[in-house]
Structures are given as C-alpha cells and as structure tokens.
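Here are my notes on this one, written as numbered points. Have the model open beside you and look up each residue as you go.

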Amino acid sequence: MKVINGIPSSPGIAIGKVFLYANHHLKIPVYSISHDDVVRERERFLEAVEKAKEDLKTLQERSVQLNGDKEKEIIETHLMILEDPDLNQVLSEIEKNLINAERALEQVISRMTE
C-alpha cells in the first residue's frame with residue numbers, strides 16, 4: 001500500500017482511489033491598460049463574475065437532478081466565493097495598477113492564499 005500525504009480539507013482518514021492533481025501553471029494574460037480603459041476592464045470583470053454565477057447555478061440545478069444533493073454543497077461553496085466582498089479587491093487592483101482583470105484576480109487570490 002502506498003501512502004500519499006497532502007493537505008486535508010476535513011479531518012479523518014480516506015481510503016480509496018487517488019486522483020492526482022497536477023498543478024499545471026495557467027497562462028494568465030498580462031497586459032497594461034490605460035486610465036481610459038479602467039471602467040471597461042472593471043465592467044468586464046463584473047460581467048465575468050455574473051456569468052460564472054449563472055453557469056454555476058445551471059450546473060447546480062442539473063447536478064441535483066442527476067446526483068441529488070451530493071454535489072450541491074460544492075457548487076454552493078463556489079457561489080459563495082464569487083459573492084465574497086473581498087473579491088472587490090480585484091476592482092481596486094485594476095484601477096491602482098492599470099492591469100487587466102485576469103492578472104488583478106490572480107494577484108488578489110495569491111495574496112488571499114498566502
């Protein structure tokens with residue numbers, strides 16, 4: 001038997017098939033924006049958050065129909081993350097550093113997870 005250690009998300013012991021998550025680095029587009037583009041970039045971020053919420057709610061409805069409440073809580077957690085007021089830091093990051101929304105989000109999440 002092979003023992004694999006990791007960071008637990010809850011207490012206890014798990015026995016079963018392993019899913020190995022390979023942390024592939026995402027290529028986040030990084031570019032500067034002008035002061036004139038700040039409002040558009042902020043709106044683009046807010047629209048993306050709303051679209052993600054809509055997609056998750058649709059996924060949640062389908063999931064409940066197919067799997068009962070099994071995956072509902074996971075999706076609810078993702079929705080809560082999208083509604084976290086700390087995510088508003090992305091908007092100020094865009095304005096303060098004149099960077100695109102993707103890069104601003106990456107920086108905010110990086111700070112939150114340190």
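1. Start with the overall picture: the chain has 4 helices and 0 strands, where helices (H or I, at least four residues) and strands (E, at least two) are DSSP runs numbered from the N terminus. Along the sequence that reads as α-α-α-α. Before going on, note that this is a predicted model, in which local features need pLDDT of at least 70, side-chain atom pairs count only at pLDDT 80 or more, and totals for chains, interfaces and linings use all residues. Residues are numbered from 1 along each chain as its sequence is written, and side-chain values use heavy atoms, with hydrogens and water left out.

2. How much of the chain is buried? Buried residues make up 20% of its 114 residues; the word means under 20% relative accessible area, with exposed over 50% and partly exposed in between (1.4 Å probe, protein chains only). As for contacts (heavy atoms within 4.5 Å), take those between residues at least 6 apart in sequence: 57% of them join residues at least 24 apart.

3. Of its 17 residues, F45, L87, V90 and I94 touch the most other members. Helices α1 (38-67), α2 (72-82), α3 and α4 (101-112) each supply at least two residues of this core. The most come from α1, which gives 4.

4. Which residues of α3 are buried? They are V90, L91, E93 and I94. Seen down the axis of α3, these buried residues fall within an arc of 165°, so they line one face of the helix; the arc is that of the directions from the helix axis to the C-beta atoms.

5. Zoom in on V90, which lies in α3 (residues 89-97). V90 counts as buried because its relative accessibility is 0%. Beyond its neighbours within four places in sequence, V90 is in contact with F45, A101, A104, L105 and V108.

6. How do α3 and α4 pack? Their angle is about 120° and their axes are 9 Å apart, with axes being lines fitted to C-alpha atoms, for helices over the stretch in contact, and angles running from 0 to 180 degrees between N-to-C directions. That makes α3 oblique to α4: under 35 degrees counts as roughly parallel, over 145 as roughly antiparallel, 65 to 115 as roughly perpendicular and the rest as oblique. On the α3 side, Q89, V90, E93, I94 and N97 meet α4 residues including A101, A104, L105 and V108.

7. Have a look at L98, in the loop between α3 and α4. L98 has a positive phi of about 50° although it is not a glycine. Most residues other than glycine have a negative phi.

8. Setting aside neighbours within four places in sequence, K53 is in contact with L79, L82 and E83. Q60, also placed in α1, is buried with a relative accessible area of 13%. Under that neighbour rule, Q60 is in contact with K72, I75, E76 and L79.

Key: A nonpolar core is a set of buried Ala, Val, Leu, Ile, Met, Phe, Trp, Tyr and Cys residues joined through side-chain atoms within 4.5 Å.
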